[in-house]
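Here are a few exercises to work through with the sequence and the 3D view side by side. Try each task before you read its solution.

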Protein chains: 2
Amino acid sequence: MIVAANTVRFDSLSLDSGATLAPVEVAYETYGELNAAKSNAVLALHAFSGDAHAAGISHETGKPGWWDNMIGPGKAFDTNRYFVICSNVLGGCRGTTGPSSVDPRTGCPYGMSFPVITIGDMVRAQKMLVDWFAIERLLTVTGGSMGGMQALEWAVAHADRVVSAIPIASTTRHSAQQIAFNEVGRQAIMADPDWNGGDYYGKRPPARGLAVARMVGHITYMSDDSMHEKFGRRLRGKENFSYAFDVDFEVESYLRYRGSQFVNRFDANSYLYITKAMDYFDLTNGSGSLAAALEPAKARFLVISFSSDWLYPSYQSQEIVRALRSRNCDVAYVELESNYGHDSFLVDVAEQTNLVRGFLASTFEKLP
Amino acid sequence: MIVAANTVRFDSLSLDSGATLAPVEVAYETYGELNAAKSNAVLALHAFSGDAHAAGISHETGKPGWWDNMIGPGKAFDTNRYFVICSNVLGGCRGTTGPSSVDPRTGCPYGMSFPVITIGDMVRAQKMLVDWFAIERLLTVTGGSMGGMQALEWAVAHADRVVSAIPIASTTRHSAQQIAFNEVGRQAIMADPDWNGGDYYGKRPPARGLAVARMVGHITYMSDDSMHEKFGRRLRGKENFSYAFDVDFEVESYLRYRGSQFVNRFDANSYLYITKAMDYFDLTNGSGSLAAALEPAKARFLVISFSSDWLYPSYQSQEIVRALRSRNCDVAYVELESNYGHDSFLVDVAEQTNLVRGFLASTFEKLP
């Protein structure tokens with residue numbers, strides 16, 4: 001598997017808000033080789049806290065990519081056959097321009113002067129990258145959670161550029177509950193005095209607020225069942241309750257650890273901007289109905305959801321499927337049985353691999 | 001309906017932790033009249049953020065009690081027939097001794113020097129109150145959520161004093177997920193610099209941390225469906241996105257408001273202590289099985305859960321029912337259809353009223 005990591009700089013990007021961002025850097029990695037016809041390109045789209053490092057071992061962190069069990073030689077996205085591109089989203093903090101980037105007008109990080117961005121803006125930044133590769137059509141656009149939103153946006157906003165789409169554990173628009181969980185995370189960050197109106201670069205970051213936000217996130221990514229299996233009521237390093245406010249339960253220890261570690265790899269302002277983009281996302285905007293919104297789409301679809309995912313429940317995937325079917329689109333849908341909740345698309349990938357492999361192979365074979 | 005509100009002071013209370021609390025004040029209200037035989041007493045047990053004001057209009061706040069739609073003349077707990085007692089829990093902040101009470105040894109509020117308490121401790125404080133009323137046996141002990149835990153504890157720990165028990169939307173022990181949500185709330189409070197190790201009385205309370213904790217709570221009390229119905233994706237006072245971090249959606253406005261208001265009626269340290277008591281609660285402690293733990297119980301049981309309650313899911317109520325049935329106990333169980341999630345026991349009470357009324361009447365008629 002050939003891995004390339006790089007950053008491309010574009011002059012400017014017009015945003016849905018009306019603002020213009022200039023310049024825009026996009027960090028990406030690729031795996032496998034682009035064929036001569038440039039017909040084997042897969043665009044993998046990361047979820048909220050992901051980055052461009054989708055597969056292989058990072059030189060920087062020594063860690064596998066977020067979808068390493070799906071991308072690689074012989075894997076679902078077989079890098080012996082396909083050329084996989086993954087870029088960090090606009091507004092992110094892992095190489096692509098975001099609130100922690102330096103605003104060339106001031107020489108200081110944007111902070112909260114960074115413009116509010118949308119899923120559509122993220123996808124337009126990705127399209128510049130795909131254009132830069134001179135790839136006419138993507139064999140597939142795919143991702144879980146927020147990655148699935150981007151895949152849907154690609155299929156509608158840039159329909160001629162997309163042969164197929166695989167949105168996983170995703171939705172066409174956030175529900176009130178999904179917005180609510182994001183809002184709690186934002187409020188936790190903004191309640192931290194160290195957040196300081198977003199102006200904390202070079203100072204102490206809002207680590208406590210970001211940790212609380214991340215803890216809420218982790219609960220929503222797992223299922224009641226998977227938390228029961230992983231932690232139950234087991235105590236952490238003790239046989240009896242502490243009768244104090246130290247860690248008693250394993251699950252407390254896990255959440256505190258994951259919360260406190262998150263600040264090392266994620267920027268609190270990116271948390272605000274990216275969750276806002278998710279909440280704003282509504283594929284039906286202005287069209288009134290999902291079937292109408294999906295009108296421009298020309299892609300084949302494989303839609304996947306997971307039985308225990310209560311954050312992005314199956315009914316949200318089924319809404320996509322019903323709307324596509326009502327337009328007689330080529331769409332397959334599978335609800336996979338899994339205990340892992342929303343995290344299933346990242347961890348419970350055996351059946352997902354079979355589905356994706358077959359769908360991709362048949363899509364590739366049908367190319368003119 | 002006769003309403004009485006008062007506070008009783010007891011010399012001391014021995015706690016599960018081994019500590020002793022002295023003195024202990026218990027704030028209570030009563031509704032209806034105790035009959036001559038003292039056989040018509042109902043003990044209503046409040047949930048996490050409740051208080052002794054269960055019914056009628058508060059002289060202090062002008063607000064109805066937390067179970068006003070269940071307690072009153074002709075209501076489920078008919079105050080023309082029954083004498084209803086409700087007291088604020090130990091560790092609370094609405095009249096009963098808790099971390100905001102003055103420690104007589106120091107003349108200052110306890111703060112974090114208040115001993116960690118358990119559901120068993122809360123129930124022992126209630127038992128002192130029932131003894132003070134010279135009530136031999138309670139016709140029923142009842143409550144939703146943490147109130148249901150107390151009802152179960154009563155039925156097991158003071159089996160001779162309980163004729164019947166009605167635990168609603170409750171559990172015999174918190175799951176990892178339930179502990180996790182409580183831990184997030186605690187961490188949000190303790191992350192607020194104004195919390196100051198619990199020493200904030202007379203100073204600025206940790207309002208921002210407490211608000212974030214309350215916001216998380218509110219999400220878990222509602223269902224995906226009820227949030228969809230109540231808020232959907234409606235914008236708050238605007239037709240377009242703000243492209244800023246102000247309130248965009250109704251649901252954000254609701255959560256921010258409820259969070260910010262909570263600090264006016266609830267003490268952040270009580271939040272810590274009461275959630276800890278809930279997390280520690282495990283009716284099976286030391287006995288190994290729920291059926292064995294329920295062995296001492298002599299009460300009739302009516303167990304109620306709600307179809308859309310994902311915080312205290314029906315399977316937790318069904319565990320109680322299975323264990324009681326395995327001992328051939330008198331137990332009725334109903335899962336009520338409701339869209340309101342965990343809040344159902346407070347708001348969607350038509351069917352609950354019928355169930356409780358019939359169960360209470362037959363229990364009362366069977367008294368020797």
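This is a predicted model: local features need pLDDT of at least 70, side-chain atom pairs count only at pLDDT 80 or more; totals for chains, interfaces and linings use all residues.

Residues are numbered from 1 along each chain as its sequence is written, while chains are lettered from A and ligands numbered from 1 in the order in which they are written.

**Exercise 1.** Work out which helix gives the most to the side of chain B that touches chain A.

Step 1: Count the contact: 42 residues come from chain B and 43 residues from chain A. Step 2: List the helices of chain B that each supply at least two residues to its side: H3 (176–191), H4 (207–221), H5 (224–230), H6 (250–262) and H7 (268–280). (Helices, H or I with at least four residues, and strands, E with at least two, are DSSP runs numbered from the N terminus.) Step 3: Pick the top one, H3(B), with eleven residues.

**Exercise 2.** Trace the open sheet of chain B and find its edge strands.

Step 1: Follow the eight strands in the order E1-E4-E8-E5-E11-E12-E13-E14, and you'll see that the pairing is mixed. (Two strands pair if DSSP finds at least two bridges between them.) Step 2: Look for strands that pair on one side only; these are E1 (3–10) and E14 (331–336) of chain B. Step 3: Zoom in on E5 (residues 41–44) and E11 (residues 140–144) of chain B, which pair in the parallel sense over three bridges. There, Ala44(B) has Thr142(B) as its bridge partner in E11(B).

**Exercise 3.** Is E13(B) enclosed or open?

Step 1: Check burial: seven of the seven residues of E13(B) are buried, so this strand is largely enclosed by the rest of the structure. (Buried takes 20 or more other C-beta atoms within 10 Å of the residue's own, exposed 12 or fewer, partly exposed in between; C-beta atoms are placed from the backbone.) Step 2: Sort the directions: Arg300(B), Leu302(B), Ile304(B) and Phe306(B) point one way, and Phe301(B), Val303(B) and Ser305(B) the other. Step 3: Check the neighbours. Three bridges join E12(B) to E13(B) in parallel, with Ile168(B) opposite Ile304(B). E13(B) and E14(B) are also parallel, over six bridges, and Phe301(B) stands opposite Val331(B).

**Exercise 4.** Which residues touch the most other members of the largest nonpolar core?

Step 1: Take the 234 residues of this core; the answer is Val84(A), Ala44(B) and Val84(B). (A nonpolar core is a set of buried Ala, Val, Leu, Ile, Met, Phe, Trp, Tyr and Cys residues joined through C-beta atoms within 7 Å.) Step 2: Inspect Val84(A), whose contacts beyond four places in sequence include Tyr31(A), Ile71(A) and Phe77(A).

Terms used
Two residues are in contact if their C-beta atoms, placed from the backbone, lie within 7 Å.
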